[in-house]
Amino acid sequence: DSAVKKKKKINVNLGRALKTLVHVHGIQMILSGTYNADPHPGNVLLLPDGRLGLLDYGMVGKLSPKDRETVAQTIVALSDNDKAATAKLYRENGYKATSQNGKDDVDDAVLHRFASFHFDKIDLSPLTLDNGEKMDIMDVFRSNREKAVPTWVEEGRRLGGLLVGVSAQAARPISLAKEWRPIAKQALRKKE
């Protein structure tokens, strides 16, 4: 029947669309400092030609140049799996956590894993502490508490969590640190 229009089949490369979504938000956060802080699936539109439509910039985040530099350094340290550098960045830039004994002697491996949750991926595997002791990740969470969370971590973990979560929901898990590494390196070169 001529009154019934045929629907055009849309062939979307979901993996490419997700990489673009992650890349765009990395550029926004690390290079420009102003970014869409709410990129959940309801705020992303896949257009028929494969492009992304980013909707609803009602929640916008802003990071200072110093905070953007710290995020970039953290991304590089995480992508290099450099536990000492990651822990040092967290300690020197306002993040404070305490161990079960109430002291600020949280192991570098613990801070690195926290940073990984914030800016990389969800890793629930057992954690090997600097002294060689293995800990179940739930024991790590029970025995260590955040005392101070700077803005750059709070905003980064919200955005990172949404992007990692959206990718996982689409059955295409990512390492945010690996995806953002080239952007972070570019930002750090600009700083030099």
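## A tilted pair

Phe117 is buried, because its relative accessibility is 18% (buried means under 20% relative accessible area, exposed over 50%, partly exposed in between, with a 1.4 Å probe and protein chains only). Phe141 is partly exposed, at 27% relative accessibility. The ring centres of Phe117 and Phe141 lie 5.4 Å apart, with the planes at 55°, so the pair is tilted. Rings of Phe, Tyr and Trp (its six-membered ring) pair if their centres lie within 6.5 Å; planes under 30 degrees apart count as stacked, over 60 as edge-to-face and the rest as tilted.

This pair joins distant parts of the chain. Phe117 sits in helix α4 (residues 108–119) and Phe141 in helix α5 (residues 137–143), 24 residues apart. Helices (H or I, at least four residues) are DSSP runs, numbered from the N terminus.

## Basis of the model

The model is predicted: local features need pLDDT of at least 70, side-chain atom pairs count only at pLDDT 80 or more, and totals for chains, interfaces and linings use all residues. Residues are numbered from 1 along each chain as its sequence is written, and side-chain values use heavy atoms, leaving out hydrogens and water.

Tyr90 belongs to helix α3 (residues 83–92) and Trp152 to helix α6 (residues 151–169), 62 residues apart. Tyr90 is buried, at 0% relative accessible area. Trp152 is buried too, at 1% relative accessibility.

## The cluster

Ring pairs join Tyr90, Tyr95, Phe119 and Trp152 into a cluster.

Technical notes
Helix = DSSP H or I, 4+ residues; strand = E, 2+ residues; numbered from the N terminus.
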